[in-house]
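Terms are given with their cut-offs as they come up.

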Amino acid sequence: MDDSLNMNVKSPKQTLIEHLRLLSDIFNSSIDGASDYYDQIFEERAQFMLDFDNILKIMTFDETVEYVLPCMQIYSSEQDYLKLKLFQNLEKLFKKLFKAEVFIPKEEIIDIITINIFPLASRMLMLSEEPVQVEGVESLLNLCKQYIPKEQAQNLVQKVIQVIMDRICSKSEHQETEDVKEKAKIAVLIIVQKFSEADIFEKA
């Protein structure tokens, strides 16, 4: 076979990365047809959550940070069952990231999670029904207990609460609906209850 033809054949991983990049950039108006693409690919968005474990297995640490984490951001306003699936997949993500602790400082990994995951979790919690909120908070609690030092976990969960409260305050630029505000308040109550029961708010 002609070598020039071989050069144009993309590997399955290259195809996956291109798909993830497009999925994560759907709200970027500089990409032609991005919004239309988002509307057309509900099944692909669902499949990403179903294939999440296998995707992580073939991605390096850097590829996970560069391609997978940005793609996850679109799930903040997804249907509840996809948000629930994302919360369930967080343990796989944390396990993948913290495996790199042998060559990447733990603080750097926690910083990556702080920037990418906890703000996303805040938005997901305030836009979900209570059953998803409960499971989402329990997922975050278990991950904090397993991977994050107590003092940092305290700071992170306080930021989650602050992000939610800032979003629904009267001065917020977002001006959320009353339904969203009510969901947000319930989410905060669940967070406080679950993390207090686990003594996360106690002094380290």
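## Helix 7 and helix 8

A crossing is left-handed if the near helix is turned anticlockwise from the far one by less than a right angle, and right-handed if clockwise. Helix 7 crosses helix 8 in the right-handed sense. Helices are DSSP runs (H or I, at least four residues), numbered from the N terminus.

This is a predicted model: local features need pLDDT of at least 70, side-chain atom pairs count only at pLDDT 80 or more, and totals for chains, interfaces and linings use all residues. Residues are numbered from 1 along each chain as its sequence is written, and side-chain values use heavy atoms, without hydrogens and water.

The axes of helix 7 (residues 80-99) and helix 8 (residues 106-116) come within 10 Å and cross at roughly 150°. Axes are lines fitted to C-alpha atoms, for helices over the stretch in contact; angles run from 0 to 180 degrees between N-to-C directions. Helix 7 contributes F94, L97 and F98 to the contact, and helix 8 contributes K106, I109, I110 and I113. Contact means heavy atoms within 4.5 Å.

## Helix 9 and helix 11

The axes of helix 9 (residues 118-126) and helix 11 (residues 150-168) come within 9 Å and cross at roughly 50°. The two helices, helix 9 and helix 11, are therefore oblique to each other. Angles under 35 degrees count as roughly parallel, over 145 as roughly antiparallel, 65 to 115 as roughly perpendicular and the rest as oblique. Helix 9 passes helix 11 in a right-handed crossing.
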